[in-house]
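Here is a walk through a two-chain model, written for someone who would rather look at the picture than at a table. Keep the viewer open while you read.

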Amino acid sequence: MDCTLHRHLLEAYLDGELGFERTLEVEAHLASCRICSSEVQSWKDIRAEMQAPELYHRAPEELENKLRKLLPQGRTERTPWFQRWIWAGGGAAFATTVLLMSLMIMRPAAPSPEQDIVTSHVRSLMADHLMDVVSTDQHTVKPWFDGKLDFAPPVQDFAADGYPLAGGRLDYLENRKVAVLIYHRALHIINLYVWPAQDNGSFTMRVQTIHGYNVVSWKKGGFEFRAVSDLNTAELRDLAQLFMP
Amino acid sequence: MPERFEQLVLPHLDAAYNLARWLVGSPTDAQDIVQEAFLRALRFFGGFRGGDSRAWLLKIVRNTSYSWVRKNRPAQLADEFDETIHSGETTTENAEAKLLSRAESERVRKALEALPLSFREVLVLREIEGLSYKEISEVTGVAMGTVMSSLSRARQKLRDQLGTAAEREI
């Protein structure tokens, strides 16, 4: 029991809060210290259990609906377009609005594939199978998907906004082929999964963190999008924002 | 502004609900708390100066949850073990149960629920919600150093609760 490594250092290592050099130091120590390495392993085991989906309480749908109804009546300067319609328009406009709103309110159908997506993301980074087609040119990546999928995914390069396209890949999720676009953000890799939505509705972004990876989900123009990365949620959301001008 | 609010705040609804649910325990109370927190968030949104909207919202949810606990379950704020939840069955689990991950996470859930509020909170934010020390410090309003030490104590408590501490002697 003559380990001299400070416990806080070990925990900061576990939490990914150490700088590069300190991380290497701790890793070197772990390689030779059984006490610390079993300590780290034991906590990683508990962490894995804590991150089981059963322990994450997702908001019930009714709550989201209730909140959306509260939204426009708040103390805000601008009334959202759909409410302006209600007041301005007649019966037909009202009916359309109700339909649109119900589409907007709708959550992604079926059980959420986010968990699978994170697994797929991690696998793509581990197995050295990140890209099938390597190109920063959207006009190369888009045609590459032709004939490999039964849909044409929206492929766009956002290099000018700091999210250069790096390539594409085919993947398999929820019993169907999906397109994956790979973007870079500084040193981070973003996998963007795209597949056709069940309907034409759209919903605003949702952000989740699964096993330390951030997942931003949205639906737009008949496609489901899931962006996964170790990038922070704010920047990941910025990428999503580029898809819905 | 509601459009911006919708884009910046609403995506964190799951995070908000998850935190409230862990802090107060009941789904109905958690819903009420999240609703109240959203109304507050809407009211304060003008003062939001950009940055991490998840941490910003969670801070409001946390404060709302604490007010609720102070009012309805003041005993929970005293830092002690909740013996009513901690029934002691966690130490008798056998090797078979260990193989079942569902049983494992159930065990962890019980252990977490039995922890005092402040420990449960920091563990939920770090391990389940995946926040960094900096974000936790923003949400809970305590210094980063304090986040580290309370996280450390919380981990120790959770492990004691899980009864796995014995595995690590040499």
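## Chain B, end to end

Reading along the sequence, chain B goes α-α-α-α-α-α-α-α-α. That is 9 helices and 0 strands, where helices (H or I, at least four residues) and strands (E, at least two) are DSSP runs numbered from the N terminus. This is a predicted model, so local features need pLDDT of at least 70 and side-chain atom pairs count only at pLDDT 80 or more, while totals for chains, interfaces and linings use all residues. Residues are numbered from 1 along each chain as its sequence is written, chains are lettered from A and ligands numbered from 1 in the order in which they are written, and side-chain values use heavy atoms, with hydrogens and water left out.

Of the 170 residues in chain B, 52% are buried; buried means under 20% relative accessible area, exposed means over 50%, and partly exposed is in between (1.4 Å probe, protein chains only). Take the contacts in chain B with a separation of 6 or more: residues 24 or more positions apart account for 69% of them. A contact here means heavy atoms within 4.5 Å. The accessible surface of chain B is about 7,400 Å², and carbon and sulfur atoms own 52% of that. Areas come from the Shrake-Rupley method with a 1.4 Å probe, and for residues only the protein chains shown count as cover.

## Helix 7 of chain B

Helix 7 of chain B covers residues 117–128, 12 residues in total. From first C-alpha to last it reaches 15 Å, close to the 16 Å expected at 1.5 Å a residue. The expected span is 1.5 Å times one less than the number of residues in the helix.

How enclosed is helix 7 of chain B? It is largely enclosed by the rest of the structure, because 11 of its 12 residues are buried. The buried set includes charged side chains: Arg120(B), Glu121(B), Arg126(B) and Glu127(B), going by a scheme where Asp, Glu, Lys and Arg count as charged, Ala, Val, Leu, Ile, Met, Phe, Trp, Tyr, Cys and Pro as nonpolar, and the others, Gly among them, as polar. Leu117(B), Phe119(B) and Ile128(B) are also among the buried residues. After the helix comes Gly130(B), with a positive phi near 75 degrees.

## Helices 8 and 9 of chain B

Helix 8 (residues 133–140) and helix 9 (residues 144–162) of chain B pack at an angle of about 100 degrees, their axes 9 Å apart. Axes are lines fitted to C-alpha atoms, for helices over the stretch in contact, and angles run from 0 to 180 degrees between N-to-C directions. That makes the two helices of chain B roughly perpendicular (65 to 115 degrees; under 35 is roughly parallel, over 145 roughly antiparallel, and the rest oblique). Helix 8 of chain B brings Tyr133(B), Lys134(B), Ile136(B) and Ser137(B) to the contact, and helix 9 of chain B brings Met144(B), Val147(B), Met148(B) and Leu151(B). By class, that gives 6 nonpolar, 1 polar and 1 charged residues.

Zoom in on Met144(B), which sits in helix 9 of chain B and is partly exposed at 40% relative accessibility. Leaving out neighbours within four places in sequence, Met144(B) touches Tyr133(B), Lys134(B) and Ser137(B). Gly163(B) follows the helix, with a positive phi near 70 degrees.

## Over to chain A

Chain A has 9 helices and 7 strands, and 46% of its 245 residues are buried. It exposes about 12,400 Å², with 55% supplied by carbon and sulfur atoms.

Tyr163(A) lies in the loop between helix 8 (138–145) and strand 2 (165–173) of chain A, and is buried at 2% relative accessible area. Its contacts beyond four places in sequence include Phe158(A), Tyr183(A), Ile190(A) and Leu242(A). Ala186(A), in the loop between strands 3 and 4 of chain A, is exposed at 71%. Although not a glycine, Ala186(A) has a positive phi of about 50 degrees.
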